[in-house]
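Work through the exercises below with the sequence and the structure in view. Try each task before reading its solution.

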Amino acid sequence: MGTRVRERTGKVNATKGHHMVLPLRNRKADTHGQDGSPPLRYGATWGEGAARAADARQALRALLSHAPRTGRTAVSADLAVDAELAASELVTNAVRHAPGPCGMTLKLSSDELTITVWDSSTDKPAAKKADPRRIGGHGLHLVHTVSDRVVVALRETGKRITAHLSLTPNQSTTGLGGTALPG
């Protein structure tokens, strides 16, 4: 299904098969990066069964390729690959484990990329230990591996999972990211 870009915001029709992409404007509550510039934001919402990991990767690539045109430093190829993996896994998990619509918001500041995926399941996800004999169930573990931290926010109507990827080398990680699931 083709991507429809809209410059205005409004209620999202979350019927089966509906897909809406919104280039989000800066908000007063946005935290600026270390250089003081407002973050670039991008959002997509999918109706039940319409989300695809490929759409998430395409949206991420579009945001990252747009960044240098705004005067920002290009994101490293390694970080871009890690971010694509995180976005793919988070959207895939939303489709597999939650009924109803889901969405993704990307936010790129001068020091961090955040990938947030929301869905309608109120179940708290748990990263499983790596097991080469197990088929499936590796997605959230992979997201933790490539992210500096992962935050899960449970809500009455579902959950929001945010992967934080630092654009600058982080002394506290060994390049494989960290794990932070609130207890």
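A residue is called buried when its relative accessible area is under 20%, exposed when the area is over 50%, and partly exposed in between (1.4 Å probe, protein chains only). The model is predicted, so local features need pLDDT of at least 70 and side-chain atom pairs count only at pLDDT 80 or more, while totals for chains, interfaces and linings use all residues. Residues are numbered from 1 along each chain as its sequence is written, and side-chain values use heavy atoms, with hydrogens and water left out.

**Exercise 1. State how many helices and strands the protein has, and give their order.**

Step 1. Helices (H or I, at least four residues) and strands (E, at least two) are DSSP runs, numbered from the N terminus.
Step 2. The protein has three helices and six strands.
Step 3. Read from the N terminus, the order is β-β-α-α-β-β-α-β-β.

**Exercise 2. Find the buried residues of α3 and what they pack against.**

Step 1. In α3, the buried residues are G139, L140, V143, H144 and V146.
Step 2. Contact means heavy atoms within 4.5 Å.
Step 3. The buried residues of α3 pack against α2, β5 and β6.

**Exercise 3. Describe how α2 and α3 pack.**

Step 1. Axes are lines fitted to C-alpha atoms, for helices over the stretch in contact, and angles run from 0 to 180 degrees between N-to-C directions.
Step 2. The angle between α2 and α3 is about 150°, and their axes are 9 Å apart.
Step 3. This makes α2 roughly antiparallel to α3, because angles over 145 degrees count as roughly antiparallel, under 35 as roughly parallel, 65 to 115 as roughly perpendicular and the rest as oblique.
Step 4. From α2, the residues D82, L85, A86, E89, L90 and N93 meet G139, L140, L142, V143 and V146 of α3.
Step 5. By class, the residues of this contact are seven nonpolar, two polar and two charged. Ala, Val, Leu, Ile, Met, Phe, Trp, Tyr, Cys and Pro count as nonpolar, Asp, Glu, Lys and Arg as charged, and the others, Gly among them, as polar.

**Exercise 4. Describe how α1 and α2 pack.**

Step 1. α1 and α2 pack at about 145°, with axes 8 Å apart.
Step 2. On the α1 side, the contact is made by A53, A56, R57, L60, R61 and L64, and on the α2 side by A80, A83, E84, A87, S88, V91 and T92.
Step 3. The contact of α1 with α2 has eight nonpolar, two polar and three charged residues.

**Exercise 5. Say which residues of the largest nonpolar core touch the most other members, and which element gives the most.**

Step 1. A nonpolar core is a set of buried Ala, Val, Leu, Ile, Met, Phe, Trp, Tyr and Cys residues joined through side-chain atoms within 4.5 Å.
Step 2. The largest nonpolar core has 36 residues, of which W46, L90, M104, L106, L108, L113 and I115 touch the most other members.
Step 3. α2 gives the most to this core, with eight residues.
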